[in-house]
There are 2 protein chains.
Amino acid sequence: MEHLLIKSAKKESIERIPVWIMRQAGRYLKEYREIREKYDFFTMCKTPNLAVKVSMQPIDILDVDAGIIFSDILIPVEAMGIKVTFEKDHGPKLHNPISNYSDVEKLIIPEPEKDMPFVGESIKLFKKELNNRKPVIGFSGAPWTLASYMIEGGGSKNHLKIKSMMINDPRAFSLLMEKLTETVIKHLYSQIKAGSDLVQLFDTWAGVLSPKEYNDFVFPYQKRIIQELKKLSDVPISLYINNSGNILEKMSDTGADVISLDWMIDIAKAKKVIGDKVSIQGNLDPCYLFGEPEFVKQKTLDILNIFGKNTGYIFNLGHGILPNTPVENVKLMVETVINF
Amino acid sequence: MEHLLIKSAKKESIERIPVWIMRQAGRYLKEYREIREKYDFFTMCKTPNLAVKVSMQPIDILDVDAGIIFSDILIPVEAMGIKVTFEKDHGPKLHNPISNYSDVEKLIIPEPEKDMPFVGESIKLFKKELNNRKPVIGFSGAPWTLASYMIEGGGSKNHLKIKSMMINDPRAFSLLMEKLTETVIKHLYSQIKAGSDLVQLFDTWAGVLSPKEYNDFVFPYQKRIIQELKKLSDVPISLYINNSGNILEKMSDTGADVISLDWMIDIAKAKKVIGDKVSIQGNLDPCYLFGEPEFVKQKTLDILNIFGKNTGYIFNLGHGILPNTPVENVKLMVETVINF
């Protein structure tokens, strides 16, 4: 029997709307913080026992409708040959950022089973622990977003370095995007082979471009990844872009089964733009979870009421859950969806 | 005779498309850096001689079609009672941020002529220096954006503190927005009385909200400011919001004469959405100015070709010009507009 969340992703009939939370294994849970205090972030990602332990927490505590394997979008970037560290309160730091064609040439395309074996192992262990109670979500950053980290050397305010390379060194930019595309396909396919029931592609920064640039420089790679994976398996694929209001229609042409919306879009309007082609996921503002319980409940219901009991919708936030979110509100939100 | 830029803002017939640049008196000019090295940022804002000196630079160097008075959106915030300093490479720091109703109650509504006299003085001096060669643009931050700085204590990634106040302490939030609205009206009107030919309202952070929240918590204050100023003068008003693709239509209902677009919007599509109601300004990606000359020229022409020689358009960037922008490219962009 197929899981509720997978059925809604595939637009098959469902009993109720499913729910999970981006970054659901995270700092808002004291059980997560207890483990995180003892190990550094990458160690947790790379140790199947630890990764599965924290991946199980939101299942046990919140009873969400899917588990997402604990990992990081920069895992394959490191495997490509970039040194990544996490600075306290400053996000990731990439120590040998890409600045020209020769840097790109040196990057390897990792073989997941050999170069990041812990990813598949974690998923297999997670599947075993879950014992088919819930589906497992695998994920990867998408080429543009990973390229941005690799060129900027970390997070960026205006993404000037990657845009400059895109404009002024198309040869280096294309080779980087090609290598990342191949890497992401292999990375996601290995997660599917290990047992992922759905995979999500995070192109968080693709919304910093004009629609024309998205169309020319990002969309083709997203589409190729999705099309290649579709040839290899029938696992549904979800695509998330932050700030996607201007490119929603195009985004749905990638062939993704699910479009994961940020919170800045009117979800009713997005439903009209996307039409019946694909399923929708999102888009509660993560900041709403800092409101009073009645407010949290109402905002959750406002979204649920747009979809009623129809399939093709997966409840989620419009971005990752914030570190200090009150757990009681998260529980209330999940219960509101489950009891709807 | 009315200036070209003012005529295009008012949709009166024009000989060619006008051009100015957000943050045109800025670090990309070596002449600006030479002065900036000697004085701190707020001293420059508060000393009419210095403010006018740097405000004149883009006129003399680039021959843009308007001067904007050198100032900062936090000038009235300081006058309201908040201590503001600028930390090197970290943007503004507000030392006594607002966290509750009592903090808001203590804020004063400044009388511009008494509490920020240098603003009006600078504009008068700027007008005199320009001797009617170019129109003068005055500006102010809008309530939401100023409130965000005041509550967050500086720039913010997710604007959680202001959203939390908006959700959980509507009494404090509304009083703050009311006080800011009154402050902004007085601030802009004093700039109009001093001789500004157009004023621009910067609500840079209003795009971090959902369309419904924009509608409920931001739009009414923007509209009130614009409507009140319209009662007092016929100087055209421009409204800028970063990330406004989802709220364009509503934005044009504020009564603004000009909608200033960010670079993430397809300007041809925006033109259709906004219709003939208001003029449009923008939206070249500031990063494009780091391209090769041919690229800069082409991207400039791509936008110009959408408007042809019609009135109702003002060429500008989609955001402030970046500090390291090559001046030669800026000159080329301005010349391309002027010669179009």
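How many helices and strands make up the secondary structure of chain A? Chain A comes to 16 helices and 9 strands. The model is predicted. Chain B can be laid on chain A by a turn of 180°, and the two chains bury about 2500 Å² between them.

**Chain A**
- The secondary structure of chain A holds 16 helices and 9 strands.
- The C-alpha trace of chain A spans about 55 × 45 × 40 Å along its principal axes.
- Chain A has a radius of gyration of 19 Å, which agrees with the value near 20 Å that a compact globule of 340 residues would have.

- B:Gly245 has the C-alpha nearest the axis in chain B, 3.3 Å from it.
- The copies meet through the same surface, because 100% of the interface residues of chain B are also interface residues in chain A.

**Extent of the interface**
- The size of an interface is often given as the accessible area lost when the parts come together.
- For chain B and chain A, the buried area is about 2500 Å².
- Carbon and sulfur atoms give 54% of that area.
- B:Ile167, B:Asn246 and B:Met264 supply 22% of the area that chain B buries against chain A.
- The contact draws 30 residues from chain B and 30 residues from chain A.

**Polar and charged links**
- The interface of chain B and chain A has 2 salt bridges by the rule.
- In a salt bridge, the side chain of B:Lys163 meets that of A:Asp285, at 2.7 Å from N to O.
- Between chain B and chain A, 12 residue pairs are in polar contact, counting pairs with both residues at pLDDT 80 or more.

**The side of chain B that touches chain A**
- Three helices of chain B, α10 (160–168), α12 (211–232) and α15 (293–307), each supply at least two residues of this side.
- Which helix gives the most? It is α10(B), with 5 residues.
- By residue class, this side of chain B divides into 13 nonpolar, 9 polar and 8 charged.

How values were computed. Residues numbered from 1 in each chain as written. Chains lettered and ligands numbered in written order. Predicted model: local features only at pLDDT ≥ 70, side-chain atom pairs only at ≥ 80, totals over all residues. Heavy atoms only, no water. Contact = heavy atoms within 4.5 Å. Buried area = accessible area lost by both parts, 1.4 Å probe. Salt bridge = Lys/Arg side-chain N within 4 Å of Asp/Glu carboxyl O. Polar contact = N/O pair within 3.5 Å; in protein donor to acceptor, adjacent residues only side chain to side chain. Helix = DSSP H or I, 4+ residues; strand = E, 2+ residues; numbered from the N terminus. Nonpolar A, V, L, I, M, F, W, Y, C, P; charged D, E, K, R; others polar. Least-squares fit on C-alpha atoms with pLDDT ≥ 70 in both. Rg over C-alpha atoms; globule rule 2.2 N^0.38 Å.
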